[in-house]
Amino acid sequence: MAKPGTPMSRPDVLVVGAGGSGSALAARLSEDPSRRVLVLEAGPVPADLSGFPESLLDARLVPGAQADHPAVSTHLVRLTPGQAYVATRGRYLGGSTTVNGGYFIRAREADFTRWAAAAGDDLWSYERVLPLLRRMENDLDLGGGPLHGDGGPLRVRRTSLAHPAAEAFREAARALGYPEEADKNAQEAPGFGAVPSNAVDGIRINTGIAYLLSALSRPNLTVRGGCLVRSVAISGGRATGVVVEHAGRTEVIEAGEVVLCAGAFVSPHLLHLSGLGPARDLERAGVPVVADLPAVGAALSDHPQVALEWTPREALPEASGSWLGGALHLTSSRGAEPGDLEVLQSLVPLAGLVGGAVSVPGAPLAFLASVQTPRRAGRLRTESADPRVAPRIDYGYLETEADRGALRDVVRAVASLVATDAFGEVSSGLVEPAALDDDNALDLWIATRLGTSQHTCGTVPMGIEGDSAVDSQGRVHGVPGLRVADTSILPTAPLRGPANTAVLTGELIAAAMRAQ
Ligand SMILES: Cc1cc2nc3c(=O)[nH]c(=O)nc-3n(C[C@H](O)[C@H](O)[C@H](O)COP(=O)(O)OP(=O)(O)OC[C@H]3O[C@@H](n4cnc5c(N)ncnc54)[C@H](O)[C@@H]3O)c2cc1C
């Protein structure tokens, strides 16, 4: 833990969680030396890079794919009413960015337009966020310019397409007429391209490393690990601090303002446990209601995913630098949003990702096929006032014909790619070919292999008071002194993975707080 035991009586801002958003927020807030910032993080907080085990740094691995990894918390969820799934989250400095895939693609302009419309102001418009997107990155491939930054804390590099399987993917996409998308962070027409990533020289640079390690020496910033926040303390309708468990003790820490950055599962749960949520559900759970906020937990948005494995024709080289090869974005047949389907290439066998090994001799490689159409299908409900009882989390996948149709589209697209002569240079075909011509049979094939991209958003949605939980600056409606600043507040999961937008959320809300 950094600065063990450092006393900080009544900080100006108390941040709960040092993950994708919380690290950026705390670092930016504490750039102002007059603002005292205390971060309480459930996981360990190393003082320097040497405190991160190798398995959390090696970008050829995805620690979050290993439910038993010590840096991971597990959450039993239901993807459909009949299908349970163990979702994971990072519990370490950097949060889920410490255990994730390192894919770091910006949300699409259409996402920002949709969110700004929901919020009722232009804070989240593409024009307003672009300076922040540039400010947070150091694009090692493209350098600084109107679209990219070269001085930000997060270094970005695109994945190499030199691996024979990545080359074959590119040729297959070309053969099927998909356009090249040279810079997936430039709002170009969706197509095939390398993946912008926060993995540099083989190391996944999580947000804790990028934003917080260098800030730990600031006298006005304290980051305490091993602190499990249990609820927000509210007095006279105003947030006054948090209740936290640390080293076997429970205490209340008071603060001028509380900002929840505990992620899209825990932030809504903490609000519920603090009496902020749908009054009927809270009463049923035995939680005294402080404010009836029906939107907290009412809508959960995520990306359903299916993995398709293929057999290499002959032994291929080991992945180097990253587990990721190329990515293809294409549009579903209903075309709700351009580029709403994603095909991501894994150059490490799934067995390796799940088992924590870069190489598994003879194992197939895989494509991860996801539907990224913005949709709010799920729900998070708190069923007990006891904070140790997990909330019930339903994803609501496959409920509509549109959901099922989009998944069929993306599975068929992968099958077409694998069937090209170009991909046949490296592959002898899919391991488990799907029944492509029969919708019902394909639906069944998909349902038995259904997974999730682990991109949950929307559980504390921003918007206009009445049908949302927070405003565009993360301020909880009707509860002064309390904000939420993480992926929970995005009304829908973005058309791309949310890690980039998680960081943007921390940057944006810190900027809003500093401007006040
Ligand atoms: C396995 C996996 C792979 C992924 N891969 C990608 C990818 O390649 N690209 C992409 O764009 N997105 C990816 N994501 C999603 C992305 O990493 C997350 O959306 C993003 O990190 C969310 O940021 P956040 O700040 O909302 O939450 P988190 O990053 O999860 O941070 C929450 C923090 O709060 C802490 N915390 C939780 N509860 C408490 C508590 N009670 N008290 C104190 N602290 C607490 C946690 O320990 C954590 O540090 C992946 C996610 C997972 C799980």
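A search of the whole structure, which is a predicted model, turns up nine aromatic pairs; here rings of Phe, Tyr and Trp (its six-membered ring) pair if their centres lie within 6.5 Å, and planes under 30 degrees apart count as stacked, over 60 as edge-to-face and the rest as tilted. One of them joins Phe169 and Phe192 in an edge-to-face arrangement, with 4.8 Å from centre to centre and 80° between the planes. Because Phe169 belongs to helix 5 (residues 164–175) and Phe192 to strand 7 (residues 192–194), this pair ties together parts that are 23 residues apart in sequence. Helices (H or I, at least four residues) and strands (E, at least two) are DSSP runs, numbered from the N terminus. Both Phe169 and Phe192 are buried, where buried means under 20% relative accessible area, exposed over 50%, and partly exposed in between (1.4 Å probe, protein chains only).

Another pair is formed by Phe367 and Phe423: the ring centres are 5.5 Å apart and the planes meet at 45°, so the pair is tilted. It links distant parts of the chain, with Phe367 in strand 21 (residues 365–371) and Phe423 in helix 11 (residues 421–424), 56 residues apart. Phe367 is buried, with a relative accessible area of 0%, and Phe423 is likewise buried at 0%. Together with Trp310, the residues Phe169, Phe192, Phe367 and Phe423 form one aromatic cluster.

Turning to the chain as a whole, there are 13 helices and 26 strands. The radius of gyration is 22 Å, close to the 24 Å that the globule rule gives for 516 residues, so the chain is as compact as a globular protein of that length; the radius is taken over C-alpha atoms, and the rule is 2.2 Å times the number of residues to the power 0.38. Along its principal axes, the C-alpha trace spans about 70 × 45 × 45 Å. Of the 516 residues, 61% count as buried. Among contacts (heavy atoms within 4.5 Å) with a separation of 6 or more, residues 24 or more positions apart account for 69%.

Residues are numbered from 1 along each chain as its sequence is written, and side-chain values use heavy atoms, with hydrogens and water left out. Local features need pLDDT of at least 70 and side-chain atom pairs count only at pLDDT 80 or more, while totals for chains, interfaces and linings use all residues.
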